[in-house]
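Q: Please take a close look at one part of this model, its aromatic rings. Keep the answer connected and brisk.

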Amino acid sequence: YVVLEVTSEGIKQHRHQFINFQTAVFTNLTKEHIESHGSFENYKKAKGKLFKALKSNGKMIINSDDPNADYFLGFKAREKMKYGLKLAKDIEFSRNGMSFKFEKTQFNLNLIGKFNIYNVLAAISVGLSEKIPLNKIKLALENIKGIPGRMEFVVKEPFTVIVDYAHTPDALEKVYQTIKESFPGKIIGILGAAGGGRDGWKRLELGKIAEKYLDKIIITNEDPYDESPKVIIDEIANGLKQKQPKKILDRRQAIHYALEIAQLGDVVIITGKGCEPWMCVAKGKKVPWDDRKVVKEELC
């Protein structure tokens, strides 16, 4: 088996061609890559090409809670399976994980966040579609200690430091909501936005979301490519109306500052890069980088 993430950008470049897809999974659709595709409708159609590429006896697994579910269900497939939050019963969250029941089977997972329930339900659905027994699916999922770069805990005491790849408004809001629901302390957030003409519209939105959830906002450099990092930072800051953000161009200095002001019980959440090993700067250069490594170095 090969499990492959198929992006709309990859589809646009025909990288999905000649792959013999047995199963296609639709998780959700939110506003992203609009500048590349021209419109949300075009973005949705690009995603739909994955489902067109299914084998004649292929299967599709669809998140029925998403407003766009019917569009994807309209494609041909031998077997169509739907999942949604109503399949998970007795949901409970804690700062260390979550639990729920699926078809009377109890799942106790090391992942946190409502969005991860959707991800787990998608994985369960794929497993069941391949006739894998539910008890084996449970065992595999409960053995997951965490996903690198996805709500990854780097430090747990005396305060918590989390790294997450979230770089879109929808993903960022889900991460902040999860932390708000799971941790009682103040939230210190470090965020930025990619350059290179990528979804410039979202910068204001990222600022608005940061203001809504964060107690202390630090805006810094991310992957500027050939754009001015200062301009990107200022555009994010323009989304804030009441809170005053701290602008720190150097990402290492931004992380150092966040760790310096964090108090017992606080959460420092660093978004945008996850476990990526590079920072992409001007003239096609890549600078070695890892948010997790920098956190540990700055704490020494």
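How many residues apart are F40 and Y43 in helix α3, and what does that separation amount to in helical turns?

A: This is a predicted model, in which local features need pLDDT of at least 70, side-chain atom pairs count only at pLDDT 80 or more, and totals for chains, interfaces and linings use all residues. Residues are numbered from 1 along each chain as its sequence is written, and side-chain values use heavy atoms, with hydrogens and water left out.

F40 and Y43 are three residues apart in helix α3 (residues 40–52), so about one helical turn separates them. Helices here are DSSP runs of H or I with at least four residues, strands are runs of E with at least two, and both are numbered from the N terminus.

Aromatic pairs need a rule. Rings of Phe, Tyr and Trp (its six-membered ring) pair if their centres lie within 6.5 Å; planes under 30 degrees apart count as stacked, over 60 as edge-to-face and the rest as tilted. By this rule there are nine aromatic pairs. F40 and Y43 form an edge-to-face pair, because their ring centres are 6.2 Å apart and their planes meet at 65 degrees.

Burial is set by relative accessible area: buried is under 20%, exposed is over 50%, and partly exposed is in between (1.4 Å probe, protein chains only). F40, at 30%, is partly exposed. Y43, at 3%, is buried.

Now take F51 and F75. Their ring centres are 6.3 Å apart and their planes are at 25 degrees, so this pair is stacked. F51 lies in helix α3, while F75 lies in the loop between α4 (69–73) and β3 (79–83), so the pair ties together parts 24 residues apart in sequence. F51 and F75 are both buried. They also belong to a cluster: ring pairs link F26, F51, Y71, F72 and F75.

Rings can also lie under a charge. The rule asks for NZ of Lys or CZ of Arg within 6 Å of the ring centre and within 35 degrees of the ring normal. K138 lies over the face of F107, 5.9 Å from the ring centre. The charged end of K156 sits over the ring of F153, 5.1 Å from its centre.

F153 leads on to T160. Contact means heavy atoms within 4.5 Å. Leaving out residues up to four places away in sequence, T160 touches R95, F153, V155, F183, D266, V267 and V268. T160 is in strand β8 (residues 160–164). T160 is buried, with a relative accessible area of 3%.
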